Structures are given as C-alpha cells and as structure tokens.
Amino acid sequence: MKHALFSDAAAPRLAIGLMSGTSADGIDAVLVEITGCGADTKVTQRAFLTLPFSDETRQRILRVAAGDFGGSEELCRMNFYLGALHADACSALCEAAGVAPGDIAFVGSHGQTVFHAPDTQQYLGRPVRGTLQIGEASVIAERMGCPVVSDFRVRDMAAGGLGAPLVPYTEYVLYRDAEHTVGLQNIGGIGNITILPRGCTLEQVYAFDTGPGNMVMDALAAKLTNGAARYDDGGRLAAGGAVHTQLLAWMLQDPYLQAPPPKTTGREVYGAAYVERLCAEAAALGCSLTDALATATRFTAECIRVGIERFCPHRPDRLIVGGGGSMNPVLLSFIADCLPGCSVLTNEQLGLDSGAKEAVAFAVLANEALYGIANNAPGATGAAHPVVMGKISL
C-alpha cells in the first residue's frame, strides 16, 4: 500500500459507484457501504437506480462514439454535460436512499466511453494506443463535496494493458470460491467474461471481452420497431423469430472470435457499420429482421461458448450472468444450451443485483485507489504489472 488518501480501512464508509456502458442507455448509480480494502473488502448494497439518457442525449453520445463526428468543442461540452448528469444521478440516489450528500465518503465514476483504441497504430510517427472516457469528475466532486475517482482505464493502458476489462479485480474480491471454478459473464453492450479458478490468487484470474453483448441486438430491435424500442425487452422480439443457420455461420466467421486474449472490443467494431453489414447479409440470405434478431441473440451466446472452449483452460462449474443481458430469458436459454454441464445462474438467483454489478465494481475500484492499492488484474488486461487505476478529484 502506498500513496493512500484514506487510512482507516476498518471504518464503514458510504460510497457511490457510477457506470454508463457502451449501450449508452443511462447512468447506473449504486449506494454501497464498504468496509476494509484489498482482499478483505466487504460490500453491502444500500440503494440503486438508473438515470436514463434522453433519446437526444443517447443519439449524440452514439454519434461521438462512432469516431467520425464532432471535434474538440463537442467533446469539451459533452464532457461537462455528462459530468452534470452523473452528479444528478448521485443526487437522485441520495434522495431515494434518504442519505445526505455530506454522508458520502467518495464516488467512483467510470464515465462514458466515447472511443477505445487498444490496438497500436502509427500516429505522427509514434506507435499510439488510447482510450477516452468523459463525464467531468470535478463537476461531480463540486456537487457532492467528496473525492471522486474516475478515468480508470488509462493507467492500465500506460502499463501496456488494454484498459479492459476492469471488473475482474472486484470479481476476485467479491466472488472467489475455494471449491468451485466460477465464471462471471457480464452482458452489457459488449460481453466480457472473468474466470476465477477454484481457490485462485489474483494472479491466476483471467478475463477478456467475449464479443458483442446487447449492442447488436439493441440496434436490430430499434430497426425492427422503427426506433420505438431501444432494446428487446425480455427477449420478446427474438422469441418471435428463428435462428437462421446460414446467417449464424457467417457471424461466427468473425475474426475477433479467433484472436487470443488479452483482448477487448467495443462499438468501434460492433457499431452501426457492423449492423449494416449484418442486415445486408441477412437480406441476401432471405432472412427477416425478426430472424436476424433471434440469430444475433444466439450469436451473443455462441461468442461466450467459443471464448470458453478456445481460451479458458479452466472450464467454469457455474457461470453467473450479470448486466442487462441477464434479463433476457431467450438469451439465457441460448447460453445454457451452449454450455451443457455448466450451471448458468443470474446474480438475482444468488441474492445479488445484476443491474448494479458494474456500478458496484467502480465503487470498489475507487476504494482501492483511495487506499493506494493496485486494482487492475494484469492477467486480464495484459498490463506489465499491477497499477493503481483512477484519477482523484478532490
């Protein structure tokens, strides 16, 4: 432990974790009580809510995240605009929980990813990788009157990592099991898996992005409903279709599935351009949009299967599914079908909250940063060594 801002780890602390994912649906905000730090961390969830983005805000975020819209003024204004929305989420959460903002010890905010470029490219004569999350932390700190830890990914990337996935550290702290190999599959816009081998140390944890989670399904649901739906609520639209074998075979040729970990992906790969190619292929095969959605739902499950079969030396005894995808029973049934012999569970079946899981992770990561404890998992990100991720705004 070094450079610690806090010192008394035994005292319980109220903290807020904030998360806005690649689907850009809104800001998840969770209130937790934390005691301890490192492997001794204990977390109790006290309250959770989501502050949805307006359609206008979501569309603007997605345009910026596509990488070919906006400039420095756009990023500047959106950074502070999203900072204010994150502060609004904190205020709404405190009000809902009956907690005064002055009782909050700190906030951990992931921010909104608007570009993630983990692969090296030549830029002005130098090899450069990068990532950009916005949602100005100083705005949150000013409103809440407490330290805010943000911008976690960049420190891992500076150490040679991919800056993703970030949740494996917290999953190790909160989910490790002495008797079973546990897989944790988050399905947000992108899917990511963490494997905790039975009785593992942090150094034995590995993780990677499995491929698209809800992102492609969301886009197809919007197309199918002429924009009336942001996502396939409960998998009802996919349930009305059938998996198209030829289209699925085309999707499974995706080169990302062949790439070995450490690896990460995002909207840059599975955004609007990918969906247009998918729709063109579906049309050429005579596949309806409803069947394309069913196929894309199956594809998310198949990505998980492929990732486990090819890159997981420890097959999980149980797979705990979290994120928005865990609320899609059609997707869950496909995952179970793809993983015979593996118990597929949701966080809710364990008495936990799938929707809050990633927001909780950023409260935990912030807690570690404030105690000066390295909070990345190099086996997951590919970083050369452990680092303390997160910038602190006081």
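Me: Which residue with a positive phi follows α14?

Reply: This is a predicted model, where local features need pLDDT of at least 70, side-chain atom pairs count only at pLDDT 80 or more, and totals for chains, interfaces and linings use all residues. Residues are numbered from 1 along each chain as its sequence is written, and side-chain values use heavy atoms, with hydrogens and water left out. Helices here are DSSP runs of H or I with at least four residues, strands are E runs of at least two, and both are numbered from the N terminus. After α14 comes a residue with phi near 70 degrees, and that's G372.

Me: How far apart are the end C-alpha atoms of helix α14?

Reply: The expected span is 1.5 Å times one less than the number of residues. For the 14 residues of α14 (residues 357-370) that gives 20 Å. The model agrees, with the ends apart by 20 Å.

Me: How many of the 14 residues of α14 are buried?

Reply: Buried means under 20% relative accessible area, with exposed over 50% and partly exposed in between (1.4 Å probe, protein chains only). α14 is largely enclosed by the rest of the structure, because its buried count is 14 of the 14.

Me: How many aromatic pairs does a search of the whole structure find?

Reply: Rings of Phe, Tyr and Trp (its six-membered ring) pair if their centres lie within 6.5 Å; planes under 30 degrees apart are stacked, over 60 edge-to-face, the rest tilted. Run over the whole structure, that search gives four.

Me: What kind of pair do F152 and F362 make?

Reply: Their ring centres are 5.4 Å apart and the planes sit at 55 degrees, so the label is settled by the angle. The partners are 210 residues apart, with F152 in the loop between β6 (148-150) and α4 (153-158) and F362 in helix α14. F152 is buried at 2% relative accessibility, and F362 is buried at 2% too. Going by that angle, the pair is tilted.

Me: And what about F208 and F311, what kind of pair is that?

Reply: Here the centres are 6.1 Å apart and the planes meet at 85 degrees. F208 is in strand β9 (residues 206-212) and F311 in helix α12 (residues 289-311), so the pair ties together parts 103 residues apart in sequence. F208 and F311 are both buried. With those planes, the pair is edge-to-face.

Me: Which ring does the charged end of R63 sit over?

Reply: The test wants NZ of Lys or CZ of Arg within 6 Å of the ring centre and within 35 degrees of the ring normal. R176 lies over the face of Y172, at 4.9 Å from the ring centre. R63 is 3.7 Å from the centre of its ring, which belongs to F69.
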